[in-house]
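Trainee: I have a new model open. Please show me how to read its packing.

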Amino acid sequence: MAAIPPPIPDVVNPLFTPYKMANFNLSHRVVLAPLTRQRSYNNVPQQHAVLYYSQRTSKGGLLIAEATGISDTAQGYPDTPGIWNQQQVQAWKPIVDAVHAHGGIFFCQIWHTGRVSNSSFQPNGQAPISSTDKPLTPQKRSNGIDVAEFAPPRRLRTDEIPQIVNDFRQAARNAIEAGFDGVEIHGAHGYLLEQFLKDKVNDRTDEYGGSLENRCRFPLEVVEAVVNEIGAERVGIRLSPFADYAECEDSNPKELGLYLVNALNKYGIAYCHMVEPRMKTLGEKAESSDSLVPLRKAFNGTFITAGGYDRQDGIDAVAEDRADLVAYGRLFLANPDLPKRFALDAPLNKYNRNTFYTSDPHVGYTDYPFLD
């Protein structure tokens, strides 16, 4: 079994100043971003995830678990974990316990893919559900080789939306039962909640479509239900107003982002996790004249930023007060002891994109070496 990272050395670096997020005392600002790994066979978390998450835990560090389905209609990828039944809840427990045993704070990202799915992932081979019946064109997968095909979605009826809100609420309750410290609602990256938020996708004519207020209604109903269920201090949300993942774009992302953070302030949630405008498409950094600073200033809680950050970017973001915490994905995937390496300014392992989503329980998962 691979070693667990030793304590992070004391260094003068903004990323390594302590921070209080709601009721949680963090010892540093380096966050494990939620990373789909596709190794939860049949949507059940596996024993090998105990080692994977343990390796990436540091005392007082925040980890956000991979996107986790809220129901049997939420799936859109092979072998992603769920948290809608008791078997899944019980399977998460040893993973969460291992993170806590190493002093980490662990949030579960709860997720519904909406139209980013296919009938093969749906119960009884039914159509995926969405805000719309507009299909998604085939997309190149993140390995740059395979092409994903999507089934035409079915537009949710107005009277069905409360059931999806309840699925998010129940998933949050289940996450707390599994021992998680809180949940992150996945409202980003072209998945179901964003399919309602963005006007290039949402073509509804009921109270969940049209105006900005109407498009934000369903995601905010989810926030309210989850806050009422587990408490605001245990709730975060991830948003990507500027992105165009899965053909999910908005004509006025600044207005959308500002409306959302101001609305979220009413609920007093622990954090808002925003994807940088430069990450317009999946995994590719691009120049952008847009900035998250106005959203950061408008939001009252902890502000986490993500999107193509390296060590110096993260230092600058905290030093310049553009973020409280910085989430790292690919670098953390390849460097289980990333906080320690950042503290020492040590060299980093290079990630191998070809093994991000293989189903092997070790290769590309728990086999990246530690510094010592």
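Mentor: Start with the rings. Y52, Y53, W92, F106, F180 and Y365 form one aromatic cluster. This is a predicted model: local features need pLDDT of at least 70, side-chain atom pairs count only at pLDDT 80 or more, and totals for chains, interfaces and linings use all residues. Residues are numbered from 1 along each chain as its sequence is written, and side-chain values use heavy atoms, without hydrogens and water.

Trainee: What makes an aromatic pair, and how many are there?

Mentor: Rings of Phe, Tyr and Trp (its six-membered ring) pair if their centres lie within 6.5 Å; planes under 30 degrees apart are stacked, over 60 edge-to-face, the rest tilted. The count here is 15 aromatic pairs. Y52 and Y53 pair edge-to-face, with 4.9 Å between centres and 75 degrees between planes.

Trainee: Are Y52 and Y53 buried or exposed?

Mentor: Buried means under 20% relative accessible area, exposed over 50%, partly exposed in between (1.4 Å probe, protein chains only). Y52 and Y53 are both buried.

Trainee: Which residues have the most contacts inside the largest nonpolar core?

Mentor: In soluble globular proteins, nonpolar side chains tend to be buried together. A nonpolar core is a set of buried Ala, Val, Leu, Ile, Met, Phe, Trp, Tyr and Cys residues joined through side-chain atoms within 4.5 Å. The largest has 86 residues, and Y53 and I110 have the most contacts inside it. A separate core has 16 residues, including M21 and F107.

Trainee: What does Y53 touch?

Mentor: Contact means heavy atoms within 4.5 Å. Leaving out residues up to four places away in sequence, Y53 touches L32, L63, A65, E66, W92, I95, V99 and F106.
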